Amino acid sequence: MSASRPAAVIVLAAGEGTRMKSRLPKVLHELCGRSMLGHVLAAAAELDPERTVVVVGHGRDQVTEHLKHAAPGVGTAVQDVQNGTGHAVRMAVEALRGQGVALSGTVVLAYGDTPLLTGATLTDLVAAHERAGNAVTVLSARVPDPDGYGRVVRGDDGGFTAIVEHADADADQRAVDEINSGMYAFDGALLSDVVTRLSTDNAKGEEYITDAAAILRGDGHRVDAAVARDWVEIQGVNDRVQLAEARRLLNDRLLTRLMRDGVTVVDPATTWVDAEVRVGRDSVVEPQTQLQGRTAIGEGAHIGPATVLSDTVVGDDATVSHTVAKEASVEEGATVGPYAYLRPGASVGPKAKVGTYVEVKNATVGEGSKVPHLTYVGDADIGVGVNIGASSVFVNYDGVSKSRTTIGDHARTGSDNMFVAPVEVGPGAYTGAGTVVRSDVPPGALAVSSGGQRNIEGWVMRKRPGSAADEAAQRANASGRNNDQ
């Protein structure tokens with residue numbers, strides 16, 4: 001039996017997370033390109049639930065604003081006072097009831113600080129829950145160190161009997177390695193009732209969702225536990241040490257997926273990728289490379305080493321080395337780097353080259369064109385088959401506004417050129433070394449802006465007497481005179 005579409009997924013994200021010691025709500029801390037909450041919602045989305053509700057509380061304005069962009073279809077419920085997990089679930093149920101939603105079907109409960117959770121595990125949970133016809137199914141896990149966790153206690157037949165908190169467990173129960181993750185699949189109608197019956201008769205005076213399993217079992221309903229595929233998925237993140245650990249585990253998972261899909265990752269220990277990154281087969285990712293955001297790399301590309309690509313598209317068989325790029329594109333067969341910087345709007349055409357110490361911003365470099373060395377290209381359109389000389393600057397800003405420069409197809413520009421925008425160099429035109437191009441250059445013309453060279457004899461002797469330069473010049477002059485004799 002496969003899992004059906006759940007009626008709802010409820011994600012608890014109201015806690016303060018004081019151990020993070022941060023102005024940012026805990027669930028908004030990021031790893032691998034998404035917030036912790038974003039990872040949980042991505043896993044929940046794989047269930048295709050009829051609705052998803054995030055319970056917000058601490059920092060609710062920040063969390064709600066984040067959801068508008070990260071998960072615009074997700075609803076919220078407010079827990080003004082954080083009075084326990086059961087109370088949080090009750091707030092979600094009441095919010096849905098206020099929208100005229102009567103829960104019937106499966107409701108999944110998850111937590112916003114479990115970024116390693118996968119959709120596959122949630123799917124398994126729902127399938128096990130519905131296959132057995134349970135009132136509630138606990139998502140459990142077998143862990144190497146269960147200390148501090150509530151234990152799942154089973155009878156002689158292997159069936160679920162209870163959840164016993166660590167503090168209340170006897171020696172035999174503490175030896176159990178199956179623990180309660182705090183995540184559940186509920187019968188929606190029964191959940192709507194049981195959250196109204198949770199007691200605050202405990203040390204903290206809070207409503208606990210764990211009590212729901214005991215109440216439903218006491219009512220004669222079937223309660224069971226389903227073991228997660230991998231215990232690391234249920235780990236919550238409570239401080240920055242755990243955040244870093246989760247980031248490493250998630251990164252390893254993402255890299256493993258890429259390598260199994262035909263990508264060569266030379267050094268996984270120094271390579272970082274975000275969850276939405278895509279890399280085609282036969283591509284090579286060298287050490288110390290970071291692929292961020294929605295970066296997409298084609299087949300047979302060579303990326304790195306020491307490269308950071310953010311929201312950048314790289315075509316098949318392109319090479320990008322020692323480069324930082326953001327919101328840029330590098331087309332098929334192009335070469336970028338080493339030590340290049342592609343800023344937003346940079347587009348490097350097929351088989352084009354952007355070389356060493358070149359910065360490109362809001363500009364296109366046409367097919368087969370080359371910008372090899374020490375150049376700034378800002379707000380420009382470079383045509384097909386162009387060569388830009390070393391140490392050139394596209395002067396795009398007049399102190400008030402920015403203007404564009406156009407370089408026509410197959411133009412050749414000299415070294416140390418300044419293109420003062422707005423200006424156009426026509427197709428097939430040339431510019432001389434050191435030229436400051438302030439006016440349009442017609443097609444096929446040669447533009448120069450400097451006069452002939454003039455040498456001022458004896459300048460160093462008069463202006464820098466006694467300097468090393470003066471002494472060197474006098475030795476050279478004396479040697480020349482001796483050679484003439």
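**Close-up views of a predicted model**

**View 1. Contact between alanine 390 and serine 415.** In this predicted model, the backbone nitrogen of alanine 390 lies 3.5 Å from a polar atom of the serine 415 side chain; a polar contact is a pair of N or O atoms within 3.5 Å, where within protein one must be able to donate a hydrogen and the other to accept it, and residues adjacent in sequence count only if both atoms are side-chain atoms. Alanine 390 is placed in the loop between β31 (387–388) and β32 (393–395), and serine 415 in the loop between β34 (412–413) and β35 (418–420) (strands are DSSP runs of E with at least two residues, helices runs of H or I with at least four, numbered from the N terminus). Alanine 390 counts as buried at 18% relative accessibility, whereas serine 415, at 35%, counts as partly exposed (buried is under 20% relative accessible area, exposed over 50%, partly exposed in between, with a 1.4 Å probe and protein chains only). Both residues belong to a UniProt "binding site" annotation from an unreviewed entry, which also covers Asn396, Tyr397 and Ala433; such annotations may be inferred rather than shown by experiment.

Residues are numbered from 1 along each chain as its sequence is written, and side-chain values use heavy atoms, with hydrogens and water left out. Local features need pLDDT of at least 70 and side-chain atom pairs count only at pLDDT 80 or more, while totals for chains, interfaces and linings use all residues.

View 2. For "binding site", the unreviewed UniProt entry lists Asp113 and Asn238; they span 126 residues in sequence, yet no two of their C-alpha atoms are more than 7.7 Å apart, so they gather at one spot. Aspartate 113, in the loop between β6 (106–111) and α4 (119–132), is buried with a relative accessible area of 13%, and its side chain is joined to that of lysine 26 by a polar contact of 2.8 Å. Asparagine 238 is found in the loop between β11 (223–227) and α8 (240–260) and is partly exposed at 21%; a polar contact of 3.2 Å joins its side chain to that of lysine 26.

**View 3. Surroundings of histidine 29.** Histidine 29 lies in the loop between β1 (8–13) and β2 (30–31) and counts as buried at 7% relative accessibility. The histidine 29 side chain makes a polar contact of 3.1 Å with the side chain of serine 22.
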